[in-house]
Number of protein chains: 2
Amino acid sequence: MRKIVAGFAISLDGYIEGPQGEYDWIIMDQEFDFTGHLKKFDTFLFGRKSYEKFRRAGNPSFPGITNYVISNSLDSVDKTFILAKGDPKKTIEKIREQKGKDIAVYGGANLLSSLLDLDLIDEIQMTIIPVMLGSGKPMVATLRKRAHLTLIEVKKFGSGAVQLIYQVKHK
Amino acid sequence: MRKIVAGFAISLDGYIEGPQGEYDWIIMDQEFDFTGHLKKFDTFLFGRKSYEKFRRAGNPSFPGITNYVISNSLDSVDKTFILAKGDPKKTIEKIREQKGKDIAVYGGANLLSSLLDLDLIDEIQMTIIPVMLGSGKPMVATLRKRAHLTLIEVKKFGSGAVQLIYQVKHK
């Protein structure tokens with residue numbers, strides 16, 4: 001079955017964005033094979049906030065990627081995105097049943113928390129950047145239940161970043 | 001010179017305590033040499049909150065350790081502690097000038113943030129427990145300035161915990 005993977009960079013003190021939405025502290029390590037990483041996926045899931053931020057930043061959509069926006073509050077999305085309304089569990093399970101590569105969750109916080117609570121996340125790929133911000137946007141919003149994980153891999157980069165890969169223990 | 005070291009366990013999503021102060025999720029790894037670790041220190045620094053929590057929990061003080069409470073709001077402390085009032089920077093620099101082993105900061109959040117802002121922390125030893133709590137007490141309270149770190153060591157434990165050791169870059 002296609003895996004649903006949440007990947008992000010995080011500060012040592014647990015933030016995915018600074019207090020004003022800053023991400024200038026995220027240093028892309030030259031050793032990190034971003035192209036190879038992207039090849040594993042053909043589908044991205046956005047929450048409303050990540051979608052709006054992605055659009056505002058004028059980011060182009062990635063070639064060969066189908067982008068879903070999981071939102072019940074939006075009425076339409078740009079033509080390079082597909083709006084998925086309705087029960088998120090059913091919607092995402094339907095996407096997962098289609099043939100394809102793995103599915104990546106873009107952004108963190110609200111969508112990630114909902115998907116963890118719905119037990120829809122299979123893997124977490126977290127890159128810890130050696131900086132402490134003191135405040136900002138946490139990786140997940142409040143969870144209804146703790147999520148337990150199994151450590152799969154630890155990668156050390158020359159920049160001092162550390163990537164930790166975990167499997168989520170299904171409930 | 002004696003190092004000032006902050007060590008703690010943290011959830012994957014950046015909390016040192018659960019929302020109700022829970023720490024039942026912190027699993028002490030059998031491979032972790034706690035006794036060997038303690039031997040490096042002869043001085044502990046407590047903030048007011050950590051001191052009060054430590055006392056309420058009825059924890060005995062560790063043998064051979066001098067315990068300071070860094071607080072300007074308390075008037076007295078238990079006889080196994082020394083109350084350090086006044087300018088925390090001067091107080092801690094005075095303690096550091098005395099001969100001895102390394103100094104550990106007990107607990108996180110408020111005291112740790114103040115000491116980071118005062119550029120008094122030399123090393124961070126953080127053990128990431130493979131669980132996400134969703135909310136709780138963050139590692140540090142708001143910082144006036146970002147703290148940058150150099151990765152020193154990565155240790156993987158059988159339980160899935162990962163210890164990361166960083167040197168703090170002095171400002």
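Mentor: One definition to begin with: two strands pair if DSSP finds at least two bridges between them. Please note also that this is a predicted model.

Trainee: Then how many bridges join strand E4 of chain B to E5(B)?
Mentor: There are 4 bridges between E4 (residues 66-70) of chain B and E5(B), and the two strands run parallel. Within E5(B), B:Leu83 is the residue opposite B:Val69.

Trainee: What packs on the sheet there?
Mentor: Helix H2 (residues 48-56) of chain B does, touching strand E3 (41-47), E4, E5 and strand E6 (102-106) of chain B. The direction of the helix makes about 105° with that of E3(B).

Trainee: And what is the order of the strands in that open sheet?
Mentor: The order of its 9 strands is E8(A)-E10(B)-E11(B)-E7(B)-E1(B)-E6(B)-E3(B)-E4(B)-E5(B), with mixed pairing. At the edges are strand E8 (131-132) of chain A and strand E5 (81-84) of chain B, each pairing on one side only.

Trainee: Changing topic, what rotation superposes chain B on chain A?
Mentor: A rotation of 180°, with 0.0 Å of shift along its axis, and the RMSD is 0.0 Å. That is the relation of a two-fold axis.

Trainee: Which residue of chain B comes closest to the rotation axis?
Mentor: B:Gly14, whose C-alpha is at 2.2 Å.

Trainee: Why do the copies meet through the same surface?
Mentor: Because 100% of the interface residues of chain B are also interface residues in chain A.

Definitions and conventions:
Residues numbered from 1 in each chain as written. Chains lettered and ligands numbered in written order. Predicted model: local features only at pLDDT ≥ 70, side-chain atom pairs only at ≥ 80, totals over all residues. Least-squares fit on C-alpha atoms with pLDDT ≥ 70 in both. Contact = placed C-beta atoms within 7 Å. Axes fitted to C-alpha atoms, helices over the stretch in contact; angles between N-to-C directions.
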